[in-house]
Amino acid sequence: MGRPGLNRRQLLAGIGGLTVAGSFGFAALGTGADALASGADTRVRYWNLFSGGDGYNMISMLDSFRAANPGIDVKDSTLQWGNPFYTKLAMAAAGNRAPDLGVMHMGRVTGFSPGRLLDAWDVGLLAKYGVREEDYNPALWNRGVIDGKLYALPLDIHVQLCFYRKDVLKKADLLGDDGRMIPVTSTTEWFDVLKKARKAQKKGLQTIGLWTNDQNFQWWFFVAYYTQIGGTWFDDANTEVTFDTDKATEVLEFLRRHVTDGYVIPGAPTGEQFINGAPFTWEGNWSVPVFSGAELDYGATPLPPVFGEQATHAESHAFVLPHQAGRGGATNEAAHRLAAYIVQHAQQWAAGGHIPAHTPTLSTDAYKKLEPQNEYVSAMDHQATEPKVWFAGSTGVLAQDLGPVVVSSTMGSAKPDAVARRMKSRLATLLASKNPMDGHTAAQGGAVA
């Protein structure tokens, strides 16, 4: 693939700081059999990290694929979410024991040594099975392109949303004629909305759930609003930090004000309070099945564009091809066929709250009838993502480093301007550091699309 190999011992030495201990256990929760299914002549080994409702949806989609393709046996295994999954996948690829197909968060792909631990997709083969670049949002497709090759095939985007109780907002006169929350375009308008909602809500509840002491959520919210305000991270060559501390401070002060003005009860269970009548909560779209199951009268919109530009934090589940020596033949073609099938049959996946990446799905009558999914589908066109560097992505080093300092500002243990300066310092350190997967800095990691 144009880069030297990496054996298991070298990888284990380099990845020591990425939670190797305890990472090799996993639960095989899928439905694939150990032997080839009756009538099948090709097997695809598929690793994913989908549990809960996502896991059930994925298993159902796999069963549909099996029924439509009896000649292909899918052996699926569900591994532990987060760094344990990525560590095991890296070790398997380095040791030539990788599965034929895997799933990753898009933000982690750049750091996964594409060309060394990941093989590129055959876009011609994908097109044969109905998946083409023109059927994708360009920005999303290009996140998976490195050195001119596609290494990640997007399945969805999952976004942070503003969930709202229609019953409470109706009392506060905050619903438009269409029954949805009135538009908000500035911080002043947003805090006016919270003030009105607080007057109409049940006593003893917070006005908005904000996950104030959770480093992941606070980081995701910061990324969204820092993008809205026009903030940047690094120059195009990934050699200089362009992080704007003034803009960052403004975002941090905005998040902090929810606490100081009393709209948040720090540590309160966000989802439970929303179900019990709190007017707002900011959550990932994966909460849709929970709130719909509770039979709430609610809506969900992308995070309000209080700094002018539409942008809500987004990540993406994507299919990848873990590196295999001599990848090819019927098994590789079957892996392409399986990924293409799931991408094109993602209507069921959308029921879990995720926005399907395959845009033809979004234009179907069935998708347009999904509520509240049809209210926030526009997030596809204004995704706020982390920078395309090796240390970014879901549960990545960037979130682990900067998430806690955002929390310290929101919770009041550190001042926003001091936190902004600390964030810039940490970004400079990370930019100069080397990826344990391949020993490259961000600037040495390859030309991105």
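I started with the second largest pocket, whose lining residues split into 8 nonpolar, 13 polar and 2 charged. For the classes, I counted Ala, Val, Leu, Ile, Met, Phe, Trp, Tyr, Cys and Pro as nonpolar, Asp, Glu, Lys and Arg as charged, and the others, Gly among them, as polar. This is a predicted model, where local features need pLDDT of at least 70 and side-chain atom pairs count only at pLDDT 80 or more, while totals for chains, interfaces and linings use all residues. Residues are numbered from 1 along each chain as its sequence is written, and side-chain values use heavy atoms, with hydrogens and water left out.

The volume of that second largest pocket is about 480 Å³. It has 23 lining residues, and Asp 54, Trp 81, Trp 286, His 317 and His 354 lie nearest its centre. Helix H2 (52-68), strand E8 (156-165), helix H8 (215-228), H11 and E12 each give two or more residues to this lining. H2 gives the most, with 4 residues. My element names are DSSP runs numbered from the N terminus: helices (H or I) have at least four residues and strands (E) at least two.

Next I looked up the largest pocket, at about 620 Å³. Of its 27 lining residues, Trp 233, Thr 385, Glu 386, Pro 387 and Lys 388 lie nearest its centre. Helix H5 (138-143) and strand E15 (383-384) each supply at least two lining residues, and H5 gives the most, with 4. The lining divides into 11 nonpolar, 10 polar and 6 charged residues.

My rule, on a 1 Å grid over the protein atoms alone: a pocket is an open set of points with protein on both sides within 12 Å along at least five of seven lines, a cavity is a set where a 1.4 Å probe fits but cannot get out, and lining residues have an atom within 4 Å of a point. Points are joined across faces, edges and corners, and a volume is the space filled by probe spheres set on them.

**Cavities**

How many cavities of 30 Å³ or more are there? I count 2. The second largest cavity has a volume of about 40 Å³. Among the residues lining this cavity are Arg 143, His 313, Glu 315, Thr 385 and Glu 386. Strand E12 (residues 312-315) makes the largest contribution to that lining, with 3 residues. By class, the lining has 3 nonpolar, 4 polar and 3 charged residues.

**Salt bridges**

I found 12 salt bridges in the structure, taking one as a side-chain nitrogen of Lys or Arg within 4 Å of a carboxyl oxygen of Asp or Glu.

Lys 128 pairs with Glu 333, with their closest N and O atoms 2.8 Å apart. Lys 128 is in helix H4 (residues 123-128) and Glu 333 in helix H12, so this bridge ties together parts 205 residues apart in sequence. Lys 128 is exposed at 55% relative accessible area, while Glu 333 is partly exposed at 26%. My cut-offs are under 20% for buried and over 50% for exposed, with partly exposed in between (1.4 Å probe, protein chains only).

Asp 100 and Arg 45 also form a salt bridge (3.5 Å, N to O). Asp 100 sits in the loop between helix H3 (83-94) and strand E3 (101-105), and Arg 45 in strand E1 (residues 42-48), 55 residues away. Asp 100 is buried at 5%, whereas Arg 45 is partly exposed at 33%.

I also noted a salt-bridge network linking Asp 63, Arg 66 and Asp 76.

Is His 336 buried or exposed? It is buried, at 1% relative accessible area. His 336 belongs to helix H12 (residues 329-344). A polar atom of its side chain lies 3.1 Å from the backbone nitrogen of Asp 122. Beyond four places in sequence, His 336 touches Trp 121, Asp 122, Leu 125, Leu 126 and Leu 321, with contact meaning heavy atoms within 4.5 Å.

Phe 319, in strand E13 (residues 317-322), is buried at 0% relative accessible area.

Definitions and conventions. Polar contact = N/O pair within 3.5 Å; in protein donor to acceptor, adjacent residues only side chain to side chain.
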